[in-house]
Amino acid sequence: MKEDRRIRRSRDALHQALVALVLEKGYEAVTIKDIVERANVGRSTFYAHYNSKEDLLTNGLAELRALLTAHQQAALAEEGDVGQRCLGFSLALFEHAQSFRDIYRVLVGERGSAIVMNRMRALLADLVSQDLAAIAPAANDGQIPRSALIQFVVGALMSVLAWWMDRKSRLSPAEVDTIFRRLTIPAIVAAFDGPISNIDSNAER
């Protein structure tokens, strides 16, 4: 147990060092040497836990994916219309961002990494794709391609998140989630010509 606490302290120190450095001078300018010096740990300690600074910044994404997926599956299991069941993970994302605001400001801000941003977008695209597969299993020819709709929703989510982080808004996660859902749920419904349950399997995914 003592070893586990030491590992956690080392990881926390490295994360805090990275976030502080990125906020100071931008992600691309930060080196592993900078990180270990700021965290007051050895380079060997860094490589015992992470392969690169990208790995350090994104290692929490696996835990985030598990959290968001759990909320998504719970929402999809409920009875209700598209607006109630779709994007059931979004509030959990905004709540997570509120809890780790400095890290999210790095992730979605101008000083962040394109590599990390792409991984974040890929994670969200997977979740949106799973939502659409569950709610609208297929789509008719001539309708909006599934891939375009996924990218639209992910873009909206990332934009609202960045807006919220940049403005240092006092809006609660629930209030921001309401804004996001009011913008995107009608667009998802409108993307299909007919009832969302009567969709054919030929459209682009």
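What percentage of the 205 residues of the chain count as buried? The share is 44%, where buried means under 20% relative accessible area, exposed over 50%, and partly exposed in between (1.4 Å probe, protein chains only). The model is predicted, and local features need pLDDT of at least 70, side-chain atom pairs count only at pLDDT 80 or more, and totals for chains, interfaces and linings use all residues. Residues are numbered from 1 along each chain as its sequence is written, and side-chain values use heavy atoms, with hydrogens and water left out.

**Overall architecture**

- The chain contains eleven helices and zero strands; helices (H or I, at least four residues) and strands (E, at least two) are DSSP runs, numbered from the N terminus.
- Among contacts with a separation of 6 or more, 72% join residues 24 or more positions apart, a contact being heavy atoms within 4.5 Å.
- The accessible surface of the chain comes to about 10800 Å², and carbon and sulfur atoms hold 50% of this area; accessible areas come from the Shrake-Rupley method with a 1.4 Å probe, and for residues only the protein chains shown count as cover.

**Nonpolar core and surface patch**

- The largest nonpolar core has 62 residues, and those with the most contacts inside it are Ile35, Leu68, Leu87, Tyr104, Leu124 and Ile188.
- Helix α10 supplies the largest share of this core, twelve residues.
- Such a core is a set of buried Ala, Val, Leu, Ile, Met, Phe, Trp, Tyr and Cys residues joined through side-chain atoms within 4.5 Å.
- Not counting residues up to four places away in sequence, Ile35 touches Leu14, Ala17, Leu18, Leu21, Val30, Phe46, Lys53 and Leu56.
- On the surface, Trp163, Ile179 and Leu183 form a nonpolar patch with about 260 Å² of accessible area together.
- Patches are made of residues with over 30% relative accessible area and no salt bridge, with like charges joined within 9 Å and nonpolar side chains (Val, Leu, Ile, Met, Phe, Trp, Tyr) within 5 Å.
- Trp163 lies in helix α10 (residues 146–167) and counts as partly exposed at 33% relative accessibility.

**Salt bridges and a buried charge**

- The count comes to five salt bridges, each defined as a side-chain nitrogen of Lys or Arg within 4 Å of a carboxyl oxygen of Asp or Glu.
- Glu24 pairs with Arg38, the closest N and O atoms being 3.0 Å apart; Glu24 lies in helix α1 (residues 2–25) and Arg38 in helix α2, so the pair ties together parts that are 14 residues apart in sequence.
- Lys25 and Asp34 meet in a salt bridge (3.0 Å, N to O), with Lys25 partly exposed at 39% and Asp34 buried at 18% relative accessibility.
- Arg65 and Asp126 also form a salt bridge (3.4 Å, N to O), linking distant parts of the chain, helix α5 (residues 60–77) and helix α9 (residues 114–135), 61 residues apart.
- Glu54, in helix α4 (residues 53–58), is buried yet has no salt bridge, and the nearest side chain of opposite charge, Lys53, is 5.3 Å away.
- For charge, Lys and Arg count as positive and Asp and Glu as negative, while His and the chain ends are not counted.

**Positive phi angles**

- Most residues other than glycine have a negative phi.
- Asn40 has a positive phi of about 60°, is found in the loop between α2 (32–39) and α3 (43–49), and counts as exposed at 70% relative accessibility.
- Leu87 has a positive phi of about 55°, is placed in the loop between α6 (82–85) and α7 (90–99), and counts as buried at 1% relative accessibility.
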